[in-house]
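Please look through the sequence and the model below before reading on.

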Amino acid sequence: MKPFAMRFIHMIELRSNRVLRLAGYGLLILSGISCLLALIAFSQEATEVYGWAPYLISTVLLMASAYILIPYKKTGPQLQPLSPQILLISVLILAIAGFMRLFQLESIPFGMWNDEAYIGTIARYILSDPGYRPIYVVMYDHPLHFYGLVALAVKFFGETAFSIRLITALFGLATVVVAFFVGRESLGNRFGLCLAFFFAISRWHITFSRFGVYTITLPFFEMLTIWLLLRARRTFQIHDFLWAGLAFGYSLNFYVGIRLFVPVVLIYIALWIIDSLRRSTKPSLPSSPSWPALMIGLTALALAAWFAVAPVAQYALTHSDAFWSRTSKVSIFSNREESDLATALYSNTLKHLLMFNYRGDPNGRHNLSGEPMLDPVMGILFVLGFALVCSRIRQPTYALFLSLFVFNLLGGILSLDFEAPQSNRALGSISAALFFAAISVETLWRSLDQARLSPDTRRLVLLTLLGFGGFIIYYNASTYFIKQVNNDRTWDEFNGTETLTAQRMVAADPARTTIYASVYLNNYEVVRYLAPQITDSRGIIPPIGLPLREPGDKPVALFVDRENTWIIDEARQLYPNANYQVDKTPGGNPALYSVYISTQDIQHLQGVTVRYWSGDNLQGGPVLIQNKKLFQADWASQPPIAAPFIAQLETTLYAPQFGDYELILHSPDRASLWLDEQQVLNGSGEQHITQRLAQGDHVLKIEAHSGEGLFDLQWRTPNTNGNLVSDPGPIPASSLYLPDLVTVHGLLGNYYRNDSWSAPPTFTRIDPFLNAYFHITPLSRPYTVDWSGQIEIPINGDWTFGLRLNGQAQVFIDHQLVVNATEPSENIEGKIDLTAGNHPIQIRFLDYLGGSRLHLFWTAPGGEKQIIPSNVLLPYP
Amino acid sequence: MSDVTRWTIGTLIAVTGMSIGYQAWRKRQLPSPLKLSANSAQADSIWITHSMLFSWIALGIAGIAQYALRINQTGFGALGFGMAVILFLRALNQFVPVMQNAELMVDGLQPGSTSPNPKKSIPANLKAWWNQFLTKRRKPNPSLTIKPQTMPLTGALAKATTTSDKDHSSPLPAQIAIWSGFTQPDSILLTADGQILIMDASQQTIYHLNQKGEIVRQWSIPTLPEPNGHNMALSPDGGHLYITDARKGLVYVVTLEG
């Protein structure tokens, strides 16, 4: 029995001191109880907050018990000592890595991606709500661990991009350190330095170190686990197995892509076990600790891993749908553009294999769009090193890195094909790629060592190598800091426009200014995170644009992205005196338009135009024209001209929503009221009419004769259901616009919450034009719309009408079907011969697909295709 | 044919021509390694130098291939990388490091060493390379004579320390003395009169220690490859040292002078 036990006695040899032994046992039992308590607490949503302390303590107690029970001894082959020279070079590499990762971290790259904002938002919840401590953040598909670290940074450094990115930068920096230890454990100090250097200056790694999302944890935990596994294999100390287990277990609490690391570790352990069994049966092979000793070590590894991952594993088992939802969302098996799976997989594989040297990730957040992921020198070394490693695949560490490479690439290959190559989900492969590159260097260096070159030649070769080192530092740094971060695509992908919007909104003094933004910018996640004080900004949702429906008591700041410059065009027409500013991208292209509109500019459009004729009829021209703010007048005490007279009041009446409106007209004498060219009131004294109005602008005209008493027009407005509820009151300035400045144009749209235009419509609305991508759909799909009105044809001839759409649509002119689009189309056209003048027009649209859009255009005889302008469309028959 | 294509092909031809020219020049300057049996150290040196040269040519070709990819000449890029990989593997196959972790002591590979494989290495000249390609193996003369060196000796290797294990529950069976200072002592031999020969394979040196553990002389044997589990035996008269090289399938008979 003793010889068998002696084989692994150093692993389980307990301390001789009885008190320490008892203390160790006690801590071990406590750690188990603590883990159990954590699991119980995390099993209920209400008690999750109490689970964290026992969970974290359990791993600390486990390690403490191991060190107290079993003394740590230096066993196995010893590594090369760390000479002052090695330490100096290490510090130099770390300094380079630190600069690359921390230099102007707040503003480089400029902007903030949505996921960074989400992470910041969760950190904000954690800090503001002590009861918010879920083990898994379902909303963003990750355990809370990473968010917790970010919350810590936010607590100390504030709610800035820097705080979020500091955590990822530190993970990146730590990976450089761990890479050194992996290299040292594998082939000595020189290899460790080489591997750390490659990590330090790899643009791919720098990019993700400066990007505040969880992905950067992937190479860190992979390298950490590999280092500790190699160390455990060398020392065969139970403590090292436990550390390896902890690293492996904790890794599973971070980025979801780490799940592909599990088979890598399992394969390595399986090979380890096979090797151990092989040695035990073949005495000719060099001896190693026996397989029972290995089993003890691996059991310790599994135990530590379980302690670290148990709460998340419990969640995964009880909420498998939520746990795997992110994976299924991005899986090529459930979501892809290419219909044939085999073709999609082949294409994805090829793109991912070529991304290192040929064409990299097109996403500007992950890469300088399309640029290979590795610089030319590292790219070459990677290919050659890959071949060298393949030629030594029987060596377990080489096999480990090869499997690491393959499984991590699968993270990209098995995800959405239209994003390929995906350097984010395949980020773990960077560890293997840089390992391969470093193997090339190590092999070359060994050949130099053996070559017995003359000292001068040796110096020359070393200088050449140093020159290459300097070149790749310069190449990676300049590519990232000059080209990549100043690339428009990178700028856009990091929400440069949205970040600027948030900055401009905050600078616009939102307490005293009404904030408007185009549909993409309004209430955007990043804007909400960066400008939390903006709580009531208003969106401009096409096709409804300007004028601003504001009372005019506060100035307005309007922010428009470059996809919606039609708003700026409208603004320049309506508010020519406003202050216009343009922020540009690093490439000099317009990014954000800011318009600052004063109260005077807003009020300038509002009111009623009143024309006065002397006498009892409208012969001749008006003797006086006035713009009034409201429909109220006291002609008896303040006559504008000498009585008798006729006043013609005209305005563009804005109905803020669809529904029944009651108009109440008081006139001292006879008065008539026309709404949308239809006379609806004619009489004297108090007159009422209840009319169902579409949301939007309407032509309102009144002719009133002078007399004793007040002239007044009031209204009652509907609630959200379209029913009249409010008390009578004066029509506010925000619903009255001078007809010369705000004209009524567009088509009347009836919107149906069904796919068959079945009445009654859910709402009706006057849409100024039909040229919109429906970022926010008016109704949930499927829905239908029927636009009708008149179109003013300027000249006789053959007119071509066309559609670009996602959905189905028909265009009728003069009640004839001109365009019939039965499926999505980029351009479908039809011709009709028309005479100059107004013609009835009708468009029927069925939206049942995503990416809703409808663009209506025409081509005049001999002219060019253009979107039908708003001013030739009239919303009434 | 585009400029890039012409340039790529031209560069490849130029590199190949330069390599052949260099080989021819080396052939004139030095005897063929097949004739170098009397001085295999020199032959190995040439061999290694040529391996290094070919590896740098492989790097150059890979550089051209990388450039070809960059300008979207994917066919040339793939071809170039293929050539570079083959050349690189053949040139440096013997220098691919073996992991120093204990796990890697598989099939006789020693941790931290390189893994020589003469069958796949680039030898001294094209003729020998061609011979190797036809699976003919270069057989250096295993017999050589080495004179002792007259380097000043230091006592560093003789330093002995004693360790004990305080946590061990049972008494120590014996004290342990450790000689430190070796890089990778690969083999040890005790002579009949109690003197010691230690081979430090990574330094390719054999140390002769007297009974007190002091170095009395040392020999440098540059023909020995990397540490590889060599065995040593001494002739009864002490004049010849027999060293096995399991990797190359050779036995060196070293005549010890002095």
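How closely do the axes of helix 5 and helix 8 of chain A come, and at what angle do they cross? The axes of helix 5 (residues 84-102) and helix 8 (residues 161-187) of chain A come within 9 Å and cross at roughly 155°. That makes helix 5 of chain A roughly antiparallel to helix 8 of chain A, a term for angles over 145 degrees. Axes here are lines fitted to C-alpha atoms, for helices over the stretch in contact, with angles running from 0 to 180 degrees between N-to-C directions. Helices (H or I, at least four residues) and strands (E, at least two) are DSSP runs, numbered from the N terminus.

The model is predicted: local features need pLDDT of at least 70 and side-chain atom pairs count only at pLDDT 80 or more, while totals for chains, interfaces and linings use all residues. Residues are numbered from 1 along each chain as its sequence is written, and chains are lettered from A and ligands numbered from 1 in the order in which they are written.

On helix 5 of chain A, the residues making the contact with helix 8 include A:Ile93, A:Leu94 and A:Ala97; on helix 8 of chain A they include A:Gly172, A:Leu173 and A:Phe180. Residues are in contact if their C-beta atoms, placed from the backbone, lie within 7 Å.

Further along chain A, five strands form an open sheet in the order 4-3-5-7-6, with mixed pairing. Strands count as paired if DSSP finds at least two bridges between them. Strand 4 (538-540) and strand 6 (579-584) of chain A are the edge strands, each pairing on one side only. Inside this sheet, strand 3 (residues 514-518) and strand 5 (residues 556-561) of chain A run parallel and are joined by four bridges. A:Ile515 stands opposite A:Ala557 of strand 5. Helix 24 (residues 565-574) of chain A packs on the sheet, and its direction makes about 140° with that of strand 5 of chain A.

Chain B has four helices and 10 strands. Strand 6 (residues 205-209) of chain B pairs with strand 7 of chain B over five bridges, and B:His208 stands opposite B:Arg217 in strand 7.

How values were computed. Parallel < 35°, antiparallel > 145°, perpendicular 65-115°, else oblique. Contact = placed C-beta atoms within 7 Å.
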